[in-house]
Amino acid sequence: MAEVLTHAEPHDEHDHKPHGWRRWVYATNHKDIGTMYLVFAGIMFFIGGGAAMLIRLELFSPGLQFFDPQFFNSLTTMHALIMIFGAIMPAWTGLANWMIPMQLGAPDMALPRLNNLSFWILPFAFTLLIGTFFVPGGAPAGGWTMYPPLVLQTGAAFPMLIFAVHLMGASSILGAINVIVTIMNMRAPAITLLRMPLFVWTWLITAYLLIAVMPVLAGAVTMLLTDHFFGTTFFTAAGGGDPVMFQHIFWFFGHPEVYILILPAFGIVSEVIPTFSRKPLFGYEAMVYATASIAFLSFIVWAHHMFTVGMPLAAQLFFMLSTMLIAVPTGVKVFNWTATMWKGSLSFEPPMLFALAFLFLFTIGGFSGLMLAIVPADYQYQDTYFVVAHFHYVLVPGTIFGIMAGVYYWLPKWTGRMYDLKLATWHFWLSAIFVNVLFFPQHFLGLAGMPRRIPDYAVQFTDWNRVSSIGGFGFGLAQLLFPYIVWKCTRVGQSVGNRAWEGAHGLEWELPSPPPYHSWTEPPSDAVIARGAEH
Amino acid sequence: MAATGLAVSEQRRRVRRSALLWTLIAAAFYLGFIVLALSRGMK
């Protein structure tokens with residue numbers, strides 16, 4: 001249950017923070033930059049979500065209703081690019097900025113000016129990307145995977161797409177460098193690596209993944225650029241190139257990217273479940289090693305995205321088995337979260353509800369992933385709506401619910417106020433119900449043979465598409481509650497104490513709520529660390 | 001004294017060295033992969 005105070009706590013008013021636009025444009029404070037990342041991610045979430053609503057609107061009925069196929073394909077492509085690179089990744093970086101220094105007892109991120117740069121690259125990248133809707137030929141329509149030769153048919157948007165991808169990659173790498181340097185150098189004394197909160201651990205591993213694979217994406221899109229403009233034929237069969245090579249390179253980036261999107265959610269769930277179970281996390285070290293194992297395995301499974309291109313049987317077997325191997329460390333995690341709740345004193349505030357939904361629904365996405373890993377079965381599922389259902393179960397009730405759990409968990413710390421718990425619970429239940437109405441029928445559509453990325457479909461698919469679209473509209477509308485809840489919290493929420501949740505542990509809960517502009521300017525004392533750094 | 005318990009100058013030195021190392025690694029990956037791909041493609 002939340003600890004709510006009936007009077008405002010005295011706060012440190014000697015923050016010396018800059019005012020006006022300079023505070024944000026020249027920001028070097030981790031909390032300000034974290035806030036900017038989160039606001040940016042929220043804006044992108046609603047733009048990407050708007051594209052999703054248009055997709056579901058078109059698919060409400062068979063036949064072409066509102067959009068021509070080219071524009072429809074642009075919507076699916078841009079929805080994915082905006083959600084992955086504009087909403088989810090910046091949301092994680094925002095949470096990292098806010099929480100990593102506070103959880104480690106550090107005064108700020110190690111490289112504050114680099115932090116500013118990595119954020120401010122993003123608005124330019126996404127202005128460029130979203131601007132492609134207004135250039136001749138329209139926005140990219142070849143899918144977020146940018147497979148040649150299709151993507152090479154993109155019009156004036158093509159160089160804008162490539163440059164935007166480079167900018168996003170550069171921003172992510174700079175952010176990752178900052179996270180690694182902070183974690184390795186800025187921890188308070190006595191916060192050893194194996195005493196760090198799980199959110200910090202998962203972010204450290206995510207940062208390594210980012211540095212390892214974003215350059216691969218940069219290389220791949222640069223080769224596309226030279227194929228398009230400079231006469232190379234990396235991926236053009238007529239010139240001796242190989243379009244399948246692009247798929248190998250892309251998915252060498254793309255599969256670790258999936259874990260870049262999900263690992264920080266594992267960290268948040270590992271913070272939230274112990275708090276609302278009033279028990280320490282079960283198997284802390286096993287969780288750390290499981291996360292590292294998942295990250296390692298993510299590098300050797302990429303070709304399961306492309307079983308049907310034709311590859312040697314030995315390769316198919318290798319990628320099938322290595323993919324199935326990921327179920328082992330993932331199973332360790334699910335077991336440990338469940339064991340943490342075992343005989344705990346559970347309560348079901350919004351962060352816990354989102355974490356529990358994550359646990360159930362992400363596991364469903366994991367199971368359908370195992371189905372897709374089976375080569376002969378994948379031949380049936382490839383490029384159907386089953387794949388769409390699978391990865392949306394991983395990314396929406398997985399990643400997005402993880403972000404929601406994190407924001408609802410730490411919002412009282414950030415603002416010093418408790419949000420409207422009843423409204424947030426409504427937000428949860430509407431999201432949890434509609435996300436299943438939206439995505440579960442897509443399994444049936446896929447198994448029945450409905451292809452993905454089409455604006456029209458055979459009439460026998462109508463009923464489940466209508467159910468899915470209704471779920472989509474419901475889910476989209478439910479998300480409008482979220483900015484209202486946050487806004488209302490900052491205005492009229494009741495003040496909370498340092499430890500907004502009675503079961504919360506961690507150095508961040510030793511700081512006032514809201515924390516001072518400059519926190520942990522002095523190292524936390526041994527007593528504070530002992531009290532706060534329990535898992 | 002920095003929050004890590006080290007002298008401020010020592011902490012700055014460690015941060016600078018660590019940042020330089022990771023920037024070099026990231027830049028080598030980023031530029032290296034592009035240059036390698038393009039140079040092999042030009043053959």
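Predicted model: local features only at pLDDT ≥ 70, side-chain atom pairs only at ≥ 80, totals over all residues.

Me: What average pLDDT does chain A have?

Reply: Chain A averages 94, and 96% of its residues score at least 70.

Me: Where does pLDDT stay under 50 in chain A?

Reply: Over residues 6-12 of chain A. The model has 9 contacts for that stretch beyond four places in sequence.

Me: OK, on to chain B. How many helices and strands are there?

Reply: Chain B has 1 helix and 0 strands. It runs to 43 residues, and 23% of them count as buried.

Me: And how many residues of chain B are in contact with chain A?

Reply: 19 residues of chain B, against 29 residues of chain A. On the chain B side, the residues that touch chain A split into 12 nonpolar, 6 polar and 1 charged.

Me: Let's do helix packing. At what angle do H3(A) and H13(A) pack?

Reply: About 30 degrees, with the axes 11 Å apart. H3 covers residues 69-104 of chain A and H13 covers residues 385-415. That angle is why H3(A) counts as roughly parallel to H13(A), and their crossing is left-handed.

Me: Which residues meet there?

Reply: From H3(A) you have Ile88(A), Ala91(A), Leu95(A), Trp98(A) and Met99(A). They meet Thr399(A), Ile403(A), Gly406(A), Trp410(A) and Trp414(A) of H13(A). By class, the contact of H3(A) with H13(A) has 8 nonpolar residues, 2 polar and no charged ones.

Me: What about H13(A) against H14(A), are they roughly parallel or antiparallel?

Reply: The axes of H13(A) and H14(A) come within 7 Å and cross at roughly 165 degrees. So H13(A) is roughly antiparallel to H14(A). This crossing of H13(A) and H14(A) is left-handed.

Me: Which residues make that contact?

Reply: On H13(A), they include Tyr385(A), Phe386(A), His392(A), Tyr393(A) and Tyr408(A). On H14(A), among them are Ala424(A), Val435(A), Phe439(A), Gln442(A) and His443(A). The contact of H13(A) with H14(A) counts 14 nonpolar and 4 polar residues, with no charged ones.

Me: How do H14(A) and H16(A) cross?

Reply: At roughly 165 degrees, and their axes come within 10 Å. H14 is residues 421-447 of chain A, and H16 is residues 481-492. H14(A) and H16(A) are therefore roughly antiparallel to each other. H14(A) passes H16(A) in a left-handed crossing.

Me: And the residues in that one?

Reply: Leu423(A), Ala424(A), Trp426(A) and His427(A) come from H14(A), while Leu481(A), Phe482(A) and Ile485(A) come from H16(A). That contact of H14(A) with H16(A) has 6 nonpolar residues, 1 polar and no charged ones.

Me: Switching to loops. Where does Ile326(A) lie?

Reply: In the loop between helix H9 (313-325) and helix H10 (327-341) of chain A.

Me: Buried or exposed?

Reply: Ile326(A) counts as buried, because there are 23 C-beta neighbours inside 10 Å and the cut-off for buried is 20 or more.

Me: Which residues is Ile326(A) in contact with, leaving aside neighbours within four places in sequence?

Reply: Ile294(A), Leu297(A) and Val301(A). Ser293(A) is 33 residues away from Ile326(A) along the chain, and their C-alpha atoms are separated by 8.1 Å.

Me: What kind of peptide bond joins Ser513(A) and Pro514(A)?

Reply: A cis one, with omega about -5 degrees. Pro514(A) is in the loop between strand E3 (494-501) and helix H17 (526-532) of chain A.

Me: What phi does Ala190(A) have?

Reply: A positive one, about 80 degrees, although Ala190(A) is not a glycine. Ala190(A) is in the loop between H5 and helix H6 (198-229) of chain A. It counts as partly exposed because it has 15 C-beta neighbours inside 10 Å.

Me: And what about phi at Arg453(A)?

Reply: Positive, about 60 degrees, and Arg453(A) is not a glycine. Arg453(A) lies in the loop between H14 and helix H15 (462-479) of chain A. With 16 C-beta neighbours inside 10 Å, Arg453(A) counts as partly exposed.

Key: Residues numbered from 1 in each chain as written. Chains lettered and ligands numbered in written order. pLDDT = per-residue confidence, 0-100. Contact = placed C-beta atoms within 7 Å. Nonpolar A, V, L, I, M, F, W, Y, C, P; charged D, E, K, R; others polar. Axes fitted to C-alpha atoms, helices over the stretch in contact; angles between N-to-C directions. Helix = DSSP H or I, 4+ residues; strand = E, 2+ residues; numbered from the N terminus. Parallel < 35°, antiparallel > 145°, perpendicular 65-115°, else oblique. Left-handed = near helix turned anticlockwise from the far one by under 90°. Buried ≥ 20, exposed ≤ 12 C-beta atoms within 10 Å, placed from the backbone.
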